[in-house]
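Thanks for coming. I will go through one structure this morning, starting inside a chain and ending at the contact between chains. Please have a look at it first.

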Number of protein chains: 2
Amino acid sequence: MTDPTLRVRDLDETELLARIFPLLPTGEGVDVGPGDDAAVVRADDGRFVVTTDVLVEGRHFRRAWSSGYDVGHRAAVQNLADVAAMGARPTSMVVSLVMPADLPVAWVTDFARGLADASGPATVVGGDLSGGDAVVVSVTVHGDLDGRAPVLRSGARPGDVVAHAGTLGASAAGFDLLSSGAGSPADGAPGVSNPRSPYVTAFLRPETPLAAGPAAARAGATAMLDVSDGLLRDAGRLARASGVDVDLAEGVLMRDVTALVPAAVDVAVATDDADGAHRARTWVLSGGEDHGLLATFPPEVAEKGLPAGFRPIGDVRDAGEAGPRVLLDGEPPHEATGWDHFRP
Amino acid sequence: MTDPTLRVRDLDETELLARIFPLLPTGEGVDVGPGDDAAVVRADDGRFVVTTDVLVEGRHFRRAWSSGYDVGHRAAVQNLADVAAMGARPTSMVVSLVMPADLPVAWVTDFARGLADASGPATVVGGDLSGGDAVVVSVTVHGDLDGRAPVLRSGARPGDVVAHAGTLGASAAGFDLLSSGAGSPADGAPGVSNPRSPYVTAFLRPETPLAAGPAAARAGATAMLDVSDGLLRDAGRLARASGVDVDLAEGVLMRDVTALVPAAVDVAVATDDADGAHRARTWVLSGGEDHGLLATFPPEVAEKGLPAGFRPIGDVRDAGEAGPRVLLDGEPPHEATGWDHFRP
């Protein structure tokens, strides 16, 4: 257990790294790890997949809500989801961490544990530490396609089945539970009287169905993306990139809505807002940061059975006169099609 | 020319990206560029080299001194130097930029131009933009070894020749010129009465001898690193990693010191400090952020002629009883062996 009074300013970089490195995952496929000018990672496929994302304190997370573990977990997952959405297997990552001098060292080691627990087979091969006035985390994740073509957003064809793996709306429910005071960020540790709601956990530590990405690619998915900005908005992106209409089945999605109604009622009570069911519908259709995978499959694949984790939620159709877009049971949705966490 | 009153908050992310993308380098070797969940980069070698670095406003740069162009240039170079120091050829990079809402859009496009001009053959394949209270730049650069073994810090052997490519002390001289007021950050544009000193430029826009890294690897370099924290400190790192003594020839280095004496006198006059020559010596031996390459070569390679850009500055010897370390003409140097820009 790290002394809770120990701050980042009390250690030099070498001492801090000595506390972080033992917590980070090591794995196969790394010829040169941290410690030299750069790392050397094997890419047997002859290509590598790469994506990067930044998390800024006060914009993407609040330290009052998110533990170091939460932030490390989330920083890994949001990048891992992008790699999986190409149909690739994550292999390695580099991590930069900007920290205020008074940040507890325990927060940093907690961050490393969250990152390690979420990163699955991906090894941390390098990084950078710096001082700064707010915590900023930048993660770059690499993946290997194992000889397969990458699954882009642009390959959906009319007749394909639209399928989703992961959760829809859970993260947005957690955000609203926290914002309204109906949920607590407290960990459900023994002795904590108000354990964390699973939706709060979904918001603070989103999970992505990592194995479903390569599985979709192997099964012949024609298009795929990470649902990070809400189902309608991201389905609209896939529709426009592919030049098709994506028609979602409202009846299927209403089952997700129903499951979230109790949480919506909790928020409605806490905020004196009677329209709880409407909120649950907005979470499912427009809530961001669930990091599920939205993919399209040829009908013959769907007939044989979708890969594990995927369920059908709609169909791909020829784009109508209005141009490529997302539809709900054949009609343009009334909902806003976006979600901008903390952004003005 | 971007309207100088236009701020980041006046544009949405799509509009800002539309101004940045045309400025960024495109190149060979990229199967999928920006726009999907992740990029796909070719790695014909079957491995890739990767390194990351973060620049934080107020820690690593000040906007009063550094233009957007300077910061973009420097963010690229400090990572490219690490790739070159492995003997690799830079291929691609991802870039994250955190920006205050009142940052001029012209600063951001200037940043993109500086990044592009410095990045040589490396293509920008992805990135992330976010709001924040200070500018934070995180760059991850990838390189290809073209079938060669990476050149580590740990391969130097007794009898090897120590060689350096690039400048020594110029960046530290520029920092002291700016700090003392003897130098100006103003660009040497027409009509600017006080043009930027070349040392100020070396600090704000360091150059790394990119081609010298792969050339050293091809020539048979046994060890190599990027000199980012000062010659003595980085030579000491190479010495310890290789388990040898690195003995630098003071007479050779004193020629670098002599060249910097006029700048040291300017600083001495501005600060009422008589000891100008001593300051020039400190710049050469301990000044950071020049991003030259320090390498060791077998004696037979040195006899045939070092690769272009390298000059001999010392020899590798068996480690003495004091353990592996850096020496100056066979003696431990009196100088401090580090350089921590802006760090307390």
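In which sense do strand β7 (residues 161–165) of chain A and β10(A) pair, and over how many bridges? They pair in the antiparallel sense, over five bridges. Two strands count as paired if DSSP finds at least two bridges between them. The strands and helices themselves are DSSP runs, numbered from the N terminus: helices are H or I with at least four residues, strands are E with at least two. As an example from this pair, A:V161 stands opposite A:F297 in β10(A).

Before going on, some housekeeping. This is a predicted model, in which local features need pLDDT of at least 70 and side-chain atom pairs count only at pLDDT 80 or more, while totals for chains, interfaces and linings use all residues. Residues are numbered from 1 along each chain as its sequence is written, chains are lettered from A and ligands numbered from 1 in the order in which they are written, and side-chain values use heavy atoms, with hydrogens and water left out.

Back to β10(A). Strand β10 of chain A covers residues 292–297, and six of the six are buried, so the strand is largely enclosed by the rest of the structure. Buried here means under 20% relative accessible area, exposed means over 50%, and partly exposed is in between, with a 1.4 Å probe and protein chains only. In a regular strand the side chains alternate between the two faces of the sheet. For β10(A), one side has A:G292, A:L294 and A:T296, the other has A:L293, A:A295 and A:F297, and all of these are buried.

β10(A) also pairs with β8(A), antiparallel, with five bridges. One of the residues involved is A:D226, whose bridge partner in β10(A) is A:L293.

Let me stay with A:D226 for a moment. A:D226 lies in strand β8 of chain A. Is A:D226 buried or exposed? Its relative accessible area is 3%, so A:D226 is buried. Leaving out residues up to four places away in sequence, A:D226 touches A:Q78, A:A81, A:D82, A:A85, A:D234, A:H291, A:G292, A:L293 and, from the other chain, B:D37. Touching, or contact, means heavy atoms within 4.5 Å. The side chains of A:D226 and A:H291 are joined by a polar contact of 3.2 Å. A polar contact is a pair of N or O atoms within 3.5 Å; within protein, one must be able to donate a hydrogen and the other to accept it, and residues adjacent in sequence count only if both atoms are side-chain atoms.

A:H291 itself sits in the loop between α9 (276–286) and β10 of chain A. A:H291 has a positive phi of about 60 degrees although it is not a glycine. A:H291 is buried, at 4% relative accessible area. In chain B, B:H291 also has a positive phi of about 60 degrees without being a glycine.

One more pair of strands in chain A: β4(A) and β5(A) are parallel, over eight bridges. There, A:V95 has A:G127 in β5(A) as its bridge partner. Eight of the nine residues of β5(A) are buried.

Now the contact between the chains. How many residues does the contact take from chain A and from chain B? It takes 50 residues from chain A and 50 residues from chain B. Together chain A and chain B bury about 3900 Å², 57% of it on carbon and sulfur atoms. Buried area is the accessible area (1.4 Å probe) that two parts lose on being put together, summed over both.

Across this interface there are four salt bridges; a salt bridge is a side-chain nitrogen of Lys or Arg within 4 Å of a carboxyl oxygen of Asp or Glu. B:R153 and A:D36 form a salt bridge through their side chains, at 3.7 Å from N to O. Between chain A and chain B, 19 residue pairs are in polar contact, both at pLDDT 80 or more. On the side of chain A that touches chain B, β3(A) gives the largest share, nine residues.

Strands also pair across the two chains: β2(A) and strand β3 (residues 47–56) of chain B run antiparallel, joined by four bridges. In this pairing, A:A39 stands opposite B:V50 in β3(B).
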